[in-house]
Amino acid sequence: MFKPIGFPGAMLSEVLLVSAPGKVILHGEHAVVHGKVALAVALNLRTFLRLQPHGNGKVDLSLPNIGIKWAWDVARLQLLDTGFLEQGDVTTPTPELVEKLKEVAGLPDDCAVTESLAVLAFLYLYLSICRKQRALPSLDIVVWSELPHGAGLGSSAAYSVCLAAALLTVCEEIPNPLKDGDCVNRWTKEDLELINKWAFQGERVIHGNPSGVDNAVSTWGGALRYQQGKISSLKRPPALQILLTNTKVPRNTRTLVAGVRNRLLKFPEIVAPLLTSIDAISLECERVLGEMEEAPAPEQYLVLEELIDMNQHHLNALGVGHASLDQLCQVTRARGLHSKLTGAGGGGCGITLLKPGLEQPEVEATKQALTSCGFDCWETSIGAPWCLHPLSHLPGQPSPASPGWPLRGAHDTAAPPRCPFLDYFGGCNSPLCCPVGAQLLTLLERPQPLGDAGRALQSQRWDLQRHGLRSASSEAS
Ligand code: MEV
């Protein structure tokens, strides 16, 4: 018999609310798919998943950002021969398996790619994780994201991490880390490793051959170095100010990754050295960031800028540039600033390093110039001291004494833990880098009043009330 979840005595004990962040890659995108190093930081734009067990014999999946609502009969799914899901702890989604899942899903032929991949990743994780249960659970799942889709900020990874974390928790493969009175908490290192492994499989369904860096940073949070599944924290990165710009040009990571692979196969003598050079750029950046911890010097910023320029040229040579990204680089270059794409490229997002000493009017003028190109632009920071807390928990590092660790306020280590779900509605709209990774939240009874930023984002917001979530917007209206 499927058991309701949650901690005893809690008002909303049957609702599970999971959140995971997006990411920015500093260096190493694409090269990381070929075994090279990538440096990445978590972003304070998050995905939220609400899971509610229900008794109507259905599995409901709603993804309001992309207008998806799907429902399957549990009894029908139960009768399926899921023998195609190999036995074992974490199964790998082969192309044949994904084809079988398409039959199970009942996806129409004209189904949009994004929709079909999101549904397939869900079904894959649901059937794989929950099949150990005597009966598949009847669940209502809603996933909503602050992350722009297909912009290189790790929206699919945050989706996979949320799904993996929620399904593993509901199936009691990992414990619910929330104790009485907790607003938010995280899982133990071992639990996060399991979440990350499953999230990687979800990413494989969506992207085919991902490196795993996106799900790793979404699971662990903070600033990290990733190479072939090995994750370690960046040693005390200095606080760097950056502009994060979304060109709003849609692109497809799977296609871009396949394009680089084809170029490597076609011109191995030319492309392999580019990947090696990007690897060296990541290592040099890591070294310089490490040196900058104490007292960052102007020469070190010059090195970071050179590394950004070189990598951007390499990424163009790999074929993942785009006219919009060239425009971004030109606009910032004209103001003495250096930019590169972040993520898969082909449009999507770029980052621009802001040197210390840059006057705020100059920053504002640059943001204005980028906005005039039709881009969205945020000023944000990487490597503030508080981001080191979650990283003490990374694999190969000492675990905290108690399971999980207390969540620090994103802006102030001394602040009491705040629920980022409420931060969103309360008006925290800075996509500040390096926040914590996957976490479990409690829905609070008294949401905060809607702030300016909350109102600004309202256009993207779906009707939480409709999905049974209390929100500040419902109070405000
Ligand atoms: C996408 O965020 C990063 C890529 O390197 C792909 C991957 O690592 O799987 C382009």
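Tutor: Start with the second largest cavity, where the strand β11 gives the most to the lining, with 3 residues. (Helices, H or I of at least four residues, and strands, E of at least two, are DSSP runs numbered from the N terminus.) The model is predicted, with local features needing pLDDT of at least 70 and side-chain atom pairs pLDDT 80 or more, while totals for chains, interfaces and linings use all residues. Residues are numbered from 1 along each chain as its sequence is written, and side-chain values use heavy atoms, without hydrogens or water.

In total 13 residues line the second largest cavity, and Leu26, His27, Leu240, Ile308 and Leu353 lie nearest its centre. By class, 10 of the lining residues are nonpolar, 2 polar and 1 charged. (Ala, Val, Leu, Ile, Met, Phe, Trp, Tyr, Cys and Pro count as nonpolar, Asp, Glu, Lys and Arg as charged, the others as polar.) The space in this cavity is about 120 Å³, a volume filled by probe spheres set on grid points joined across faces, edges and corners. The whole structure has 5 cavities of 30 Å³ or more. (On a 1 Å grid over protein atoms alone, a 1.4 Å probe fits in a cavity but cannot get out; a pocket is open, with protein on both sides within 12 Å along at least five of seven lines; lining residues have an atom within 4 Å of a point.)

The largest pocket holds about 790 Å³ of space. It is lined by 44 residues, with His149, Ser155, Ser156, Ile206 and His207 nearest its centre. β1, α3 (113-130), β5 (139-145), α4 (155-170), α5 (189-207), α6 and α7 (253-266) each give two or more residues to this lining, and α3 gives the most, with 4 residues. The lining has 19 nonpolar, 19 polar and 6 charged residues.

The largest pocket is also the space taken by the ligand (more than half of a molecule's atoms must lie within 2 Å of the grid points). Around the ligand, β1 (16-27) and α6 (213-220) give two or more residues to the shell. This shell has 13 residues, and Lys23, His30, Pro210, Ser211 and Asp214 are the closest (a heavy atom within 4 Å is required). The shell divides into 7 nonpolar, 3 polar and 3 charged residues.
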